[in-house]
Amino acid sequence: MSALIELKDDRSEKIHYDSSDYPIYIRHGILSNYPNYAAPSHWHDDIELIAVLEGEMDYNVNGEVIRLRKGEGIFVNARQLHFGFSSTMTECIFNCIILHPMLLCAAPAYERDFVLPVIRSSKSFVFLDPDIGWQRAVLEQIHFMVQSKDDSAAPLKVQSSFLAIWSLLYENLPLEEHTAERFGSDLTVVKDMIGFIQKNYSRKISLEEIAVSGAVGQSKCCKLFAKYLGQSPNAYLNQYRLNKSLELLCCYDMSITEVALSAGFGGASYYAEIFRKCFGESPTEYRKNRAFK
């Protein structure tokens, strides 16, 4: 079954925490479970930690692509646009941990003096190299959290590890004030445009409308999509529609034509054509082979 990320209207990910009482999400991930070996681009207020167990994948953070191999990982700061993918359909098995910074804020002073300086630093992400001592320690804490997730005291152990990781980040990152590049208008514009696509994908929308939603011209719209997402606005729109159609294919009572129209495609033939180009099989074959397993 495909792993589909649920997104809010502002394009941030809706995190389904392991418990309603604690903002903790710990999962064992397999890249091939995502449509086309790529998670949709998203962001959230939480911190994300990835540790690769087998294989490799590329990880895009605000348009910068980092190759992650076995034994390596990444820390993604809050509110960064990011997604993992493999353009060569290479398998990757990994641990993913998502934690809200509120776990670190036992008192307002902790947030002011230790949490916000890291969140507001110039580092949108940190590549975790096991050959570097403090980064290896972060990877070890990630693995410990995964091993402890089913313990009766799991929330306490995870919070303790999160604090240890944060201490390492605080001591080793440059904590200068956030830069114009990271918090500049371009990333906000990209979030606005993909948010517009998310809200309106089911109807016919034009490049002009996407650009207007970000208050930029069509040329800059295309440049920003290429920089941050590595594809054109139209390619991104089609991919998003395809991913949404995978959810609809799980509905027994919807025909392929109904799925195509609901996902924003003009007709079943065009939908089937680009579906096959993307996934290597027809929507009907996909439904038969995967949707109900």
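A residue is called buried when its relative accessible area is under 20%, exposed when it is over 50%, and partly exposed in between. Asp151, at 31% relative accessibility, therefore counts as partly exposed. The model described here is a predicted one.

## Salt bridges

Asp151 pairs with Lys157 in a salt bridge, and the closest N and O atoms are 2.9 Å apart. Lys157 has a relative accessibility of 32%, so Lys157 is partly exposed. Side chains of opposite charge can pair when their charged atoms come close.

The model has 14 salt bridges. One of them joins the side chains of Arg67 and Glu56, with 3.2 Å from N to O. Arg67 belongs to strand β3 (residues 64-69) and Glu56 to strand β2, so this pair ties together parts that are 11 residues apart in sequence. Arg67 is partly exposed, at a relative accessible area of 35%, and Glu56 is also partly exposed, at 24%. Both residues belong to a network of salt bridges that links Glu56, Asp58, Arg67 and Arg69.

A further salt bridge is formed by Arg276 and Glu285, whose closest N and O atoms are 3.5 Å apart. Arg276 is partly exposed, with a relative accessible area of 42%. Glu285 is partly exposed too, with a relative accessible area of 34%.

| Salt bridge | N to O separation |
|---|---|
| Asp151 and Lys157 | 2.9 Å |
| Arg67 and Glu56 | 3.2 Å |
| Arg276 and Glu285 | 3.5 Å |

## Strands and their pairing

Strand β2 covers residues 47-61 and runs antiparallel to β4, to which four bridges join it. Within this pairing, Ile50 has Ile74 of β4 as its bridge partner. Strand β4 (residues 73-76) also pairs with strand β7 (residues 125-128), again in the antiparallel sense and over four bridges. Here Ile74 has Phe127 of β7 as its bridge partner.

β5 pairs with β2 in the antiparallel sense over four bridges. Opposite Gly84 of β5 stands Tyr59.

Asn33 is found in the loop between β1 (24-30) and β2. With a relative accessibility of 29%, Asn33 counts as partly exposed. Asn33 and Thr257 are 224 residues apart along the chain, and their C-alpha atoms are separated by 25 Å.

An α-helix has 3.6 residues a turn, so residues three or four places apart point the same way. After α10 comes Gly280, which has a positive phi near 75 degrees.

Helix α1 covers residues 108-119, and Val115, Val118 and Ile119 in it are buried. These three cover an arc of only 95 degrees around the axis, which puts them on the same side of α1.

## A nonpolar surface patch

Which residues form a nonpolar patch on the surface? The patch consists of Tyr110, Phe114 and Tyr170, which together have about 280 Å² of accessible area. Tyr170 is placed in helix α3 (residues 154-172). Its relative accessibility is 31%, so Tyr170 counts as partly exposed.

Conventions: Residues numbered from 1 in each chain as written. Predicted model: local features only at pLDDT ≥ 70, side-chain atom pairs only at ≥ 80, totals over all residues. Heavy atoms only, no water. Helix = DSSP H or I, 4+ residues; strand = E, 2+ residues; numbered from the N terminus. Patch = residues over 30% accessible without salt bridge, like charges linked within 9 Å, V, L, I, M, F, W, Y side chains within 5 Å. Areas by Shrake-Rupley, 256 points an atom, 1.4 Å probe, with all protein chains shown as cover. Salt bridge = Lys/Arg side-chain N within 4 Å of Asp/Glu carboxyl O. Buried < 20%, exposed > 50% of the residue type's maximum accessible area, 1.4 Å probe, protein only. Pairing = 2+ DSSP bridges. Arc of directions from axis to C-beta.
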